[in-house]
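Please look over the sequence and the structure shown here before reading on. The briefing takes the parts of the fold in turn.

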Amino acid sequence: MNNYVTEAINLKSYNLNDADKIIVMYSKENGLIKGVAKGIKKPKSKLGARMDLLVANTIQLLKGRSMDTIIQAQTVNHFRKTREDIDKLTLSSYISEVVMNFGEGSESASKDIYELLYKALNKVSDSVTKKDMLIAVIKFQLKMLLIMGFCVELDSCLCCGERIINEDMYFSTKMGGVVCKDCCKPLGITLKMHHKIRDFLQAMLQFDFDYESEYDKKATEKVCEVCFDLLDEYIKTHTNKRQKSAKIIKELA
């Protein structure tokens, strides 16, 4: 009666003592959860590499008074290629940080967030180029914001409500969307956005990870870096936390 099974992805770990660790996971049914992995630091641990970060498992836990205990784990996906590339590892760490920072109180959307997290990590792991990795992360950023109720406004000016079509515009990371040329000056918004960048972001929000649109093909790595930075700034305004991996990503660019 005190045992339960769930699908979960390892996001973070803490040392509990000489033998045990606390594993922070995002689960499909219960959102963010923590479990004690007993004896994990011993060479003959049954849990072993299953408790490494960025591993998806089906796990069995025993409910405890203050902390649940991980009894068994069956690996679903190691995302092995991620560990062979520093860009993949850093971008995957960024994805996990965003989920952790948004994750508190997200139980009602846990299935959608879990599936988004899994798809994003899998796509980054399987990507061949840096551009493809960044596209996967941009899709994750946009879709995560949508799930959490902070969808980026890309159609109409957030001030006057007028639709912006084939003309340049401005983007407010504070407000979370586009502002027309007439409304930007009184607000002191200076981040200019070409309408083709806006169209690219709209496509990234609309299409799934496995669908390669014309926008995916035409985008450059530089365009993807600009879009990543823009969305990261917006995410910070709603999590009130800075994703540590974002700094490393910029240093590696």
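The model is a predicted one. Its strands include a closed barrel of five, in the order β1-β2-β3-β5-β4 with mixed pairing, and an open sheet of three, in the order β7-β6-β8 with antiparallel pairing. The largest nonpolar core has 62 residues, and another core, of 13 residues, lies apart from it.

**The barrel**

- From one strand of the closed five-stranded barrel to the next, the twist averages 50 degrees.
- Strands β2 and β3 are joined by a hairpin through three residues, and the two strands pair in the antiparallel sense over seven bridges, with V24 standing opposite K34 in β3.
- Strand β3 also pairs with β5, here in the parallel sense and over two bridges, and the bridge partner of V36 in β5 is T69.
- Strand β3 is mostly covered, since six of its seven residues are buried.
- Strand β4, residues 56-62, and strand β5, residues 68-77, pair in the antiparallel sense over seven bridges, and Q60 stands opposite Q72 in β5.
- Helix α1, residues 86-103, packs on the sheet, where it touches β1 (3-15), β2 (21-27) and β3 (31-37), and its direction makes about 110 degrees with that of β1.

**Helix α2**

- Helix α2, residues 110-126, lies across β1, β2, β3, β4 and β5, and runs at about 55 degrees to β1.
- The 17 residues of α2 should span 24 Å at 1.5 Å a residue, and the end C-alpha atoms of the helix are 24 Å apart, which agrees.
- The buried residues of α2 are S110, I113, Y114, L116, L117, A120, L121, V124 and S125; seen down the axis of α2, they fall within an arc of 165 degrees, so they line one face of the helix.
- An α-helix has 3.6 residues a turn, so residues three or four places apart point the same way.
- The partners against which the buried residues of α2 pack are β1, β2, β3, β4, α1 and α3.

- I59 has its place in strand β4, and with a relative accessible area of 1%, under the 20% cut-off, I59 counts as buried.
- Not counting residues up to four places away in sequence, I59 touches Y4, V5, T6, A8, M25, I33, M51, Q72 and A73.
- F79 and L62, by contrast, are 17 residues apart in sequence and 26 Å apart in space, C-alpha to C-alpha.

**The nonpolar cores**

- In the largest nonpolar core, the residues that touch the most other members are I138, F140 and L201, while helix α3, residues 130-147, gives the most to this core, with 10 residues.
- Leaving aside neighbours within four places in sequence, L201 is in contact with I138, L142, L154, M193, C227 and L231.
- The separate core of 13 residues has A8, M25, I33 and I40 among its members, and A8, M25 and I33 are also among the contacts of I59.

- Strand β6, residues 169-172, is joined to β8 by two bridges and runs antiparallel to it, with M169 opposite M193 in β8.
- Helix α7, residues 221-239, has 19 residues that should span 27 Å at 1.5 Å a residue, and its end C-alpha atoms are 26 Å apart, which agrees.
- Among the buried residues of α7 are C227 and L231, both of which are contacts of L201.
- After α7 comes N240, whose phi is positive, near 60 degrees.

Notes. Residues numbered from 1 in each chain as written. Predicted model: local features only at pLDDT ≥ 70, side-chain atom pairs only at ≥ 80, totals over all residues. Heavy atoms only, no water. Pairing = 2+ DSSP bridges. Helix = DSSP H or I, 4+ residues; strand = E, 2+ residues; numbered from the N terminus. Axes fitted to C-alpha atoms, helices over the stretch in contact; angles between N-to-C directions. Contact = heavy atoms within 4.5 Å. Core = buried A, V, L, I, M, F, W, Y, C linked by side-chain atoms within 4.5 Å. Buried < 20%, exposed > 50% of the residue type's maximum accessible area, 1.4 Å probe, protein only. Expected span 1.5 Å × (residues − 1). Arc of directions from axis to C-beta.
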